[in-house]
Amino acid sequence: MNETTVVVGLAFLVLSMALGLILLLRKPTGEIEDIENGERGRISGSDQWSECPQETIENIFGSDDLGFMRAKGPQKLRRAFQRDRRQIALKWVWGAYEETQRVMSQHLKAARSSADLNLTLEVSLVAEYLLHQAACLILVGVVRVAGPAGLAGFASSIGNLRQHVSIVMVKVLGSGENLDRSPGLRTHS
Amino acid sequence: MLSELRFGTVDEAYADLQRRTLAKIPGNFARLIYLASTRDYNSARYYHSGLADRFSPHVAEKALELAHRDVFRKLETSALAVLAEELDLYMRSTRENPLDFFRAWQAVEPFRVVVPVGTNPTSAALFISNVRFALAVLRSDQQQNFPPPDR
């Protein structure tokens, strides 16, 4: 291993830790909670998916179920369980990544044809979007290497980030009259 | 709208369903199986004759759908240990031979059809996975505590 590889590796590690800390320290504001509560309603029988409940995300990324399997299941079953949970966790993270990418792409299409862009809000939206996508990629990496157990806080902070993206998008839509109204971003997809 | 005013609201039908039917069913897993069984396989519409008579078919359908979603949500957000307890309670309530029950459930996987329409794919995947592992753990416990007789 040469010196450059070590330096790049360390830089990546420091960057990941800093990003992780930012994500963990960020808390949803009252405004975020209001939007989230407004979005949560009883779903009528439509083709649209409901959002993934916070408790479900906590179960996927928590360690209680793994503890139960360790106590009750034979070793072969435990391995199968860990493999299954890893797949489910990755499915959730990629779902969040792709949904955000889809909505952002729709927004960018609408923004290109808009005459009155609010540059500050657009920059803020892109920053939140990039942070969210980077966090998803880091989580994918960690889940692939170590599995999802014990990452509930990190996964929840991705949910919070999605809300931030959603809030900025609502602000952008409110400020630009010519922007097409996109369907918006659901939380905890 | 008019029919809802005349026959009562979805909330009233939901409360009636809880009181008269669901309260008498032991455990959320059994309730989930029951509610899913009121849904037509082909149209995914819910039907319950008593509830439809007391309210209206439309109101009854909505109440059943809500109840199905609520019970499913309780189970899908439960820890695996709780789900295993619920499944054990359901298995006992069927009075089926436990090993026959596990064999059938692991082969046919009837729990796949109890997921409400529109459930988030991650939630559905977690629920199905949890039921599979709960079944495996319960079966393993059963075989340890009551090994099958030597043939």
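I began with the order of elements in chain A, which from the N terminus reads α-α-α-α-α-α-α. I counted 7 helices and 0 strands in chain A. Helices here are DSSP runs (H or I, at least four residues), strands are E runs of at least two, and both are numbered from the N terminus.

I noted that this is a predicted model, where local features need pLDDT of at least 70, side-chain atom pairs count only at pLDDT 80 or more, and totals for chains, interfaces and linings use all residues. Residues are numbered from 1 along each chain as its sequence is written, while chains are lettered from A and ligands numbered from 1 in the order in which they are written.

Next I checked burial. Of the 189 residues in chain A, 28% are buried (20 or more other C-beta atoms within 10 Å of the residue's own; 12 or fewer is exposed, in between is partly exposed; C-beta atoms are placed from the backbone).

I picked out A:Leu121, which sits in helix α6 (residues 119–146) of chain A. A:Leu121 counts as partly exposed because it has 17 C-beta neighbours inside 10 Å. I also found 6.9 Å between the C-alpha atoms of A:Leu121 and A:Val168, 47 residues apart along the chain.

Then I turned to the two chains. I found 22 residues of chain B in contact with 28 residues of chain A (contact: C-beta atoms, placed from the backbone, within 7 Å). On the chain B side, α5 (57–76), α6 (80–93) and α8 (121–145) each give two or more residues. The largest share, 10 residues, comes from α8(B).

Note on methods: Contact = placed C-beta atoms within 7 Å.
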